[in-house]
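Here is a quick walk through one protein model, from its core out to its rings and charges. Have the structure open while you read.

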Amino acid sequence: MKFKLFSILLLVTSTVALAQNKVTLSGYIKDSETGEELIGATILLKGTQNGVATNAYGFYSLTVNKGDYTLIVNYIGYKAKVIEKRIETSESYTITLDAASQELNEIVITGEADNLNITNTQMSIVKLSPKQVKEFPAVLGEPDIIRSFQLLPGVTAVADGAAGFNVRGGSADQNLILLDEATIYNSSHLFGLYSVANPDAVKDVNLYKGGIPARYGGRLSSVMDIRQREGNSNEFNGEAGIGLISARVLVEGPLVKEKSSYMIAGRRSYGDLFLPLIDNNSTANFYDLNTKVNYTINEKNRLFLSGYFGRDKFSLGSIFNSEWGNATATLRWNHLFNDKLFANFSAIYSNYDYSLDQLTTGAQFNSTSKIITLNTKADFSYFVNNNTQFEYGFDAKAYRFEPGKIKPIKGSAIANRNLDNQFANEFAGYMSLDKTIKKLSINIGLRYSAFIRNGEQTIPIYENNQPLTYNSILGRYENGKVIDNKKYNKGDNISTFNNFEPRISSTLILNDRTSIKASYNRIYQYLHLISNTTAPAPTDVWAPSGPYIKPQESDQFALGYFKNFTNNKFELSLEGFYKKMNNLVEYVDGADLISNNSIETELLAGSGRSYGLELLVKKNSGKLTGWVSYTYSRAERQVKGLTNEDPGINNGKFYAANFDKPHNLSVVGTYKFNDRISLSSNFILTTGIPSTYPVGRYEFAGIVVPHFTQRNQERLPAYHRLDVSLTIKGKKVNWKNGGHEWVFGLYNLYNRANATSIYFVEDPENLGKVRAYKSYLLPILPSVTYNFKF
């Protein structure tokens, strides 16, 4: 008995002694020139595998035994820093890094090589720096972050000029795009030629394709997390660019040196200003404004306020006018409870709206629509030790959907009409544990989400609870019979959905240069983009889940092999994935989706599956850098009938989704001749997207009507394109921040006419015969851009 008591006492004493010998070094890693925090920077203890990385706000916490250490600090695009430091007590310690020399490729890290892609638990994540994006050839010389991601495995777009993007067989509305935590509902300018993410204003961007962390939810396929620059806290500077159709400018500087800073960035296209010179009264332009200000209250508290305001305008003479845009605002408070517990509290506003003026004679009206989201959230990171990190948080959203308001203009006979506004709340809580045990790292997470559809609204009650029925005599789907209407007052509960969303990812390190990773995630999506176009359009309407539209859900599995060569000069990754989706909404043939107050009468619920293999070979350093990316994947949908008596879509069989592209190849390269001149190019080759062609025609009342049978049974021709750009930096000047450059580009160098659609017209020279024509958007496009800093 005495021996047992002695053993317990010895164990407790040893534990206390060990705890007393532990100290914590914590703080931020920053850019030495601007004072911006660096996200994902790493600190390693030399001679060990022990180390940590900064979180989304640049904060780190490193726990060690008391003693002398050599710290090696790395970040992509920066010189490695070696610090000799004696750590005797817990302390706050800020580290600054210098940007890598311009003579090196910007993603080279000097000093010890970084193999974070091997050791990181996260898989299926891709990251591009704004500096890289600016080196790629771009449409009319305007760098674009979202289009640049389409050069990487698993990310595609339907066609040139198509809004949105597709990830691993998911539709465009299944991507969650966050700009400083605010949801962006339409990510494109000028119908997809450009994105809303201005590279000048962006500090960091990550795209999660799989193994999505538990802190994210609400979209099935991916999360693109974009963080804006905070502004230079040391000195004022700016940068600007002037191209053929657009210009941009950014200014930043301290409000209180090393304590508060601001950033303002703006873009505006001006190609439409030249249209009147050719007697063209059409309009096509966009502008956006990024703003951010921050204030460090003290060592433990910091405030951030950021906003985005963007607008597109497009008109076609006297036929129609349209405009649409996003507006967001984010207020964040970073609080450090102690050297191990970090928290962020956010209040977020997001608004997307569009307006359409139909000006044709006899049907002149104005139509507007919007979706407003209010969001509050709290995220906590607890750094237990260097091998264990615990994250948890809460999220609450309030939605207001205004699907349509129609007003007559110019004395039109069109009547006033307002579609029912819709209201909903979404709540979520999550927790995740990131643990490393020798060669094995694992992240286990669980998210709980609840979606509540609220009044005020009147909901139709259908016979047999079927908003859609099938008429077997006419062979078509028809609206269900309304037998009653139920009135819900403001705040009344219409529908409630509750779901658990498990997440898990793991990494097994075989050696310093090789690892195997696996992940699984389940995600629910409560918002649906109702569209019958191949790619999203500004006029598409978002609809919440409710009595007749169930939440979408997906399960994704992924397995990957990662290998680095030649001291991390080369990277190879091979990932396979399988995704199963349920409750996907598909429109029936002949659906009327415009200004429809009972959209459920035009929709069928279906399932989907996607699977594929992604290969990436990347060269990180030297005069020639770049990558080769190849993806084989399939994206399929299945929509069965309401009963065994109706056909659904394609008789209930699997068919290719609108964005299914089995083969995708991208070759990207940059060659630096010297520190002033570089040449960049990218080549893209993909399978053509699915299309539906008529199989015959018939004549009714003198009108020739095409006859269609199966959906998406044909394909457009293969898509391929080569782009090049040449960057010439100016000689050093005596400006405070120096630097200017010319960028010359050729988009679609060999003028490939890549089809966006195939249409059929009767041959006027051969009656009774039909000719097929293809439409395309972007021929060879030269560009010249002048960029400078001040």
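Leaving aside neighbours within four places in sequence, which residues is Phe165 in contact with? With contact meaning heavy atoms within 4.5 Å, the list is Ile146, Gln150, Val155, Thr156, Ser171, Ala172, Asn175, Ile177, Leu207, Ser222 and Met224.

Before going on, some housekeeping. This is a predicted model, so local features need pLDDT of at least 70 and side-chain atom pairs count only at pLDDT 80 or more, while totals for chains, interfaces and linings use all residues. Numbering starts from 1 along each chain as its sequence is written, and side-chain values use heavy atoms, with hydrogens and water left out.

**The core and its sheet**

Phe165 belongs to the largest nonpolar core, which has 37 residues; Phe149, Phe165, Met224, Ile226 and Trp627 touch the most other members. A nonpolar core here is a set of buried Ala, Val, Leu, Ile, Met, Phe, Trp, Tyr and Cys residues joined through side-chain atoms within 4.5 Å. Buried means under 20% relative accessible area, exposed means over 50%, and partly exposed is in between (1.4 Å probe, protein chains only). Helix H4 (145-149), E12, strand E16 (202-208) and E17 are the elements that give two or more residues to this core. Helices (H or I, at least four residues) and strands (E, at least two) are DSSP runs numbered from the N terminus. There's also a second, separate core of 19 residues, which includes Val52, Tyr75, Tyr78 and Ile95.

Now for the strands. Five of them make an open sheet with mixed pairing, in the order E9-E16-E17-E12-E13. E9 (125-127) and E13 (182-183) are at the edges with a single partner strand each, so one side of each has no neighbour in the sheet. Two strands count as paired if DSSP finds at least two bridges between them. E12 (residues 175-179) and E17 (residues 222-228) run parallel and are joined by five bridges, with Ile177 bridging to Met224 in E17.

Elsewhere, strand E1 (residues 22-31) pairs with E4 in the antiparallel sense over seven bridges, and Ser26 has Ser61 as its bridge partner in E4. E4 (residues 59-65) is mostly covered, with six of its seven residues buried.

**Rings and charges**

Rings of Phe, Tyr and Trp (its six-membered ring) pair if their centres lie within 6.5 Å; planes under 30 degrees apart are stacked, over 60 edge-to-face, and the rest tilted. That gives 30 aromatic pairs. One of them is the tilted pair Phe236 and Phe790, with 6.4 Å centre to centre and 50° between the planes. These two are 554 residues apart: Phe236 is in the loop between E17 and strand E18 (237-242), and Phe790 in the segment after strand E53 (781-789). Ring pairs also tie Phe236, Trp742, Phe744, Tyr786, Phe788 and Phe790 into a cluster.

Phe790 is also touched by Glu239, whose contacts include Lys134, Arg229 and Phe788. Glu239 sits in strand E18 and counts as buried at 15% relative accessibility. Its side chain makes a polar contact with the side chain of Arg229 (3.3 Å). A polar contact is a pair of N or O atoms within 3.5 Å; within protein, one must be able to donate a hydrogen and the other to accept it, and residues adjacent in sequence count only if both atoms are side-chain atoms.

Two charges sit over rings, meaning NZ of Lys or CZ of Arg is within 6 Å of the ring centre and within 35 degrees of the ring normal:

| Charged residue | Ring | Distance from ring centre |
|---|---|---|
| Lys85 | Tyr93 | 4.3 Å |
| Arg711 | Tyr587 | 4.4 Å |
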